[in-house]
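Dear colleague,

Please find the structure below.

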Amino acid sequence: MNAVAIIGGGQAGIQAAASLRQEGYAGALTVIAAESGIPYQRPPLSKEFMKPEQEGNVLSLREPEFYADHGIDLLTGVRAEIIDRAAHSVVLDNADRVSYDRLVLATGTRNRQLSCAGSELPGIHGLRELRDAMTLQEELRTARNVVVIGAGFIGLEFATAALAFGVSVTVLEFAPRPMGRALTPVMSEWFAAELRSMGIDLRLNEGIREFTSGPDGRVAAAVSTTGDTYAADLVVVGIGVIPNVELAEASGLATGNGIVVDETLRSSDPDIFAIGDCASFPSIHSGGMIRLESVQNATDQAKHVAKVLTAGERPYAELPWFYTHQGPLRLQMTGLPGTDEDYVVLGDPGTRRFSVLGFRDGVLAAVESVNMPGHQNIGRRLLTTGPSVTLDQAREPRFDLRQALK
Ligand code: FAD
């Protein structure tokens, strides 16, 4: 293997390049990155970066000199347009070609767009790239009424960050609870109460019907599905993402909810792999095909593919975990919670230090914790090396998570 090309300069793509070098790969290594500038971390965009005192510090994934120092040919501001599988090369939008023996797709996702009336008005934004965050930072300084569409992780991180700018914040969520697809009902309901106590007007079971504009042509109000109207001079839409599969699809690779890969993260072409947010992979933790959107998943899959390319086949089996910071609220999750599984609460939610254990088929499948890092560490050990914890055990009045390790 003399040449590896990576498409995508995000968390997964850059980690794959770094890990390949770490694993001893010495051949040509090219990263094709559509965004301009030094590759950066996305999670701070809705957290540290979105603070009033923020002075434009972007958290880069690696120092600028890292790429040259490690012989990584980083092509920024250039898109891969075609994968020419027969020629083993990638055609770029500047008509250049990058040859590969092995290709890694790390194309991530893009924001799902609203299509209601007024959704194109000035003042309505998504949050995914650095330039989105910079626009929002600037507009928050003059905004008074912020409306967030969608109570998912990114929408709520932005909503809590926006409070520090002294604006009023309304969140419209079509579903009956916030972060409902990812959290157990008890955790999601606890968050709803906390977010409201912070001053967020959280409207559940209420979607967006249309936006109306003011005399300046900018968004002025959001009209919800209940007919209620909310003043809005700045709107953030956080209604989920769509995996970037089109490049893979056009070259004939199998796609579904993502680029379909096997347990080694190899696509339907043996020389092409897919990792991170764009990959749909078989998970031993869910028992089926899943696609995850997290730093952990992007990082671990990148490390894994580097091992497969340098040291041979092996199945990917890392335990998923995730974190979100919403103002003072710090949530960590380990494992894959279902939404209608059984659960047991450890600790007192009123103290803002507690965990929720989620059970699938009567066996521990996930641990969600607020300000309980110790529970997360134990949860990770239990969910990787065991022993397994049953619902009946956890329901015992004297159940102690630490004891379960023994
Ligand atoms: P991305 O980071 O999306 O990178 C993909 C890159 O590929 C993009 O730069 C894209 O431009 C490029 N690309 C696509 N197509 C092409 C092409 N044809 N040619 C060249 N380049 C291409 N996760 C957490 O775990 N915790 C958090 O708190 C958290 N907070 C987040 C906050 C925000 C605001 C956002 C947006 C995400 C957050 N995430 C969080 C999710 C996390 O950032 C993603 O899961 C992670 O970035 C995925 O990495 P990736 O490399 O797969 O995709």
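Two residues are in contact if their C-beta atoms, placed from the backbone, lie within 7 Å. This is a predicted model, in which local features need pLDDT of at least 70, side-chain atom pairs count only at pLDDT 80 or more, and totals for chains, interfaces and linings use all residues. Residues are numbered from 1 along each chain as its sequence is written.

By an automatic or database domain assignment, the chain is divided into domain 1 (3-43 + 60-110 + 242-311), domain 2 (113-237) and domain 3 (341-404). The centres of domain 1 and domain 2, taken over C-alpha atoms, are separated by 32 Å.

A nonpolar core is a set of buried Ala, Val, Leu, Ile, Met, Phe, Trp, Tyr and Cys residues joined through C-beta atoms within 7 Å; buried means that 20 or more other C-beta atoms lie within 10 Å of a residue's own, again placed from the backbone. The largest such core has 67 residues, and Val-147, Val-148, Phe-158, Val-171 and Val-235 touch the most other members. The core lies between domain 2 and domain 3 because both give residues to it.

Leaving aside neighbours within four places in sequence, Phe-158 is in contact with Ser-46, Met-50, Leu-127, Val-148, Val-236 and Gly-238. A second, separate core of 45 residues includes Ala-12, Leu-103, Val-104 and Ala-106.

How values were computed
A residue is buried if 20 or more other C-beta atoms lie within 10 Å of its own, exposed if 12 or fewer, and partly exposed in between; C-beta atoms are placed from the backbone.
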